[in-house]
Every structure is written in C-alpha cells, then in structure tokens.
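Hi,

Here is the structure I said I would pass on. Have a look at it, and then read on for what turned up.

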Amino acid sequence: MEGKKRLLTYEGLKALEDELEDLKVVKRKEVANKIKEAREQGDLSENAEYDAAKDEQRDIEARIDELEAILKNAEVVVDDDFDADQINVGSTVKVYDITYDEEMEFKIVGSTEANSLEGKISNESPVGQALIGKKVNDVVNVETQAGEMQYKVLQIERT
C-alpha cells in the first residue's frame with residue numbers, strides 16, 4: 001500500500017537525506033560500539049548502559065524507518081510548476097497581521113518540514129491553507145485557536 005504523498009522543498013529533501021545518511025553511517029556505528037562495550041562489562045541483567053544503548057538503537061532504527069517512508073513518498077515541489085505571483089509550497093511570504101498590527105514572514109513548506117520556530121509553516125496548517133493560491137494585496141481570514149486572524153499579503157518570493 002502506498003503512503004500519503006509528502007510535499008517537500010529541495011531544502012527539506014536534502015535535510016532528510018542527510019539525517020538518514022548520518023543515522024545509517026554514524027549513529028548506528030556509535031550505538032553498536034556502546035552495546036559492545038556494555039556487553040564487555042559482564043552481567044547484562046543489571047547493566048544500565050546496555051539497556052540505554054538498546055533503547056537508543058531501537059529509536060534510531062524507528063527514525064530510519066520513518067525517514068525511508070517519508071522519502072519513498074516524497075514529492076519535491078518544482079518552482080516551474082507554479083505561478084510565481086501566487087503563494088505555494090516553497091514560497092516565502094511577507095504578510096501584515098491586521099489583527100496584531102505587525103509584519104510577519106512565513107515560508108510555506110510541506111508538513112514534514114514545518115517548524116514554527118524557524119518561520120516554516122505547513123501547507124496543511126490553517127494559515128498555510130488560507131495563504132496557498134493568494135497574491136500580493138490579498139487579505140485572508142484564518143480561524144485559529146487564538147480566534148480569527150486577518151493577514152494581508154505584502155510580498156511573495158520563490159526560494
């Protein structure tokens with residue numbers, strides 16, 4: 001069964017590929033060494049280092065499986081596919097928050113890349129959904145947990 005398609009920017013794709021490579025090449029080896037050292041200490045039934053290393057190994061393998069599934073179903077957003085004057089995944093958008101009288105900047109990304117601390121919002125989030133397809137000077141109303149917000153699109157850049 002094929003999983004849900006995951007939209008990614010080239011930047012997001014590269015970051016996931018790099019993380020996967022690091023987990024497979026570096027982290028697996030580090031954990032294998034920790035397990036080996038813990039086994040050399042003797043009795044495994046009361047060996048906290050061994051238990052911690054096995055837990056870490058399990059977590060690494062789970063993350064590898066997760067990354068491989070994401071990458072298998074990844075669809076990279078190609079700039080040529082979209083109108084440069086409209087907001088889409090991969091756009092960096094400067095908006096004026098009418099509700100709070102401030103300018104903000106968002107990068108619209110696929111849900112896998114979303115990180116609000118870095119200003120990256122998902123195309124599936126309420127704000128992302130409201131902005132997709134909009135142009136400069138459009139005003140959008142977004143229902144959020146904090147109430148209804150209004151944003152005016154000031155600038156769109158393809159990054």
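Let's begin with Glu 11, which counts as partly exposed because its relative accessibility is 45% (buried is under 20% relative accessible area, exposed is over 50%, and partly exposed is in between, using a 1.4 Å probe and protein chains only). Before going further, a word on the source: this is a predicted model, in which local features need pLDDT of at least 70 and side-chain atom pairs count only at pLDDT 80 or more, whereas totals for chains, interfaces and linings use all residues. Residues are numbered from 1 along each chain as its sequence is written, and side-chain values use heavy atoms, with hydrogens and water left out.

Which side chain meets Glu 11 in a salt bridge? That of Lys 120, at 2.8 Å from N to O (a salt bridge is a side-chain nitrogen of Lys or Arg within 4 Å of a carboxyl oxygen of Asp or Glu). This pair links distant parts of the chain, with Glu 11 in helix α1 (residues 10–40) and Lys 120 in strand β5, 109 residues apart. Helices (H or I, at least four residues) and strands (E, at least two) are DSSP runs numbered from the N terminus. Lys 120 itself is buried, as its relative accessible area is 16%. Both residues also belong to a salt-bridge network that takes in Lys 107 and Glu 118.

Now for Glu 113, which sits in the loop between β4 (102–109) and β5 (120–122). Glu 113 is buried but has no salt bridge, and Lys 120, the nearest side chain of opposite charge, is 5.2 Å away. (For charge, Lys and Arg count as positive and Asp and Glu as negative; His and the chain ends are not counted.) What does the Glu 113 side chain make a polar contact with? The side chain of Thr 9, at 2.6 Å. A polar contact here is a pair of N or O atoms within 3.5 Å; within protein, one must be able to donate a hydrogen and the other to accept it, and residues adjacent in sequence count only if both atoms are side-chain atoms. A polar atom of the Glu 113 side chain also lies 3.3 Å from the backbone nitrogen of Gly 12. Setting aside neighbours within four places in sequence, the residues in contact with Glu 113 include Leu 7, Leu 8 and Glu 11 (contact means heavy atoms within 4.5 Å).

Gly 119 lies in that β4–β5 loop too, and is buried, with a relative accessible area of 18%. Not counting residues up to four places away in sequence, Gly 119 touches Glu 105, Phe 106 and Lys 107.

On to the strands. β4 and β5 pair in the parallel sense over 3 bridges (two strands pair if DSSP finds at least two bridges between them), and Ile 108 stands opposite Ile 121 in β5. Strand β3 (residues 91–97) runs antiparallel to β4, joined by 6 bridges, and Lys 94 has Glu 105 in β4 as its bridge partner. The β3–β4 hairpin has 4 residues between the strands, and Asp 101 there takes a positive phi near 55°.

Back to salt bridges: the whole structure has 12 of them. One joins Lys 24 and Glu 68, with the closest N and O atoms 2.7 Å apart. Since Lys 24 lies in helix α1 and Glu 68 in helix α2 (residues 48–72), this pair ties together parts that are 44 residues apart in sequence. Another joins the side chains of Glu 61 and Arg 28, at 2.8 Å from N to O. Glu 61 is in helix α2 and Arg 28 in helix α1, 33 residues apart, so the pair links distant parts of the chain. Arg 28 is partly exposed, with a relative accessible area of 35%.

Finally, the overall picture. There are 3 helices and 7 strands, in the order β-α-α-β-β-β-β-α-β-β along the sequence. The radius of gyration is 21 Å, well over the 15 Å that the globule rule gives for 159 residues, so the chain is more spread out than a compact globule. (That radius is taken over C-alpha atoms, and the rule is 2.2 Å times the number of residues to the power 0.38.) The C-alpha trace spans about 70 × 35 × 30 Å along its principal axes, and buried residues make up 32% of the 159 in the chain.

Cheers

Notes. Lys, Arg positive; Asp, Glu negative; His and termini not counted.
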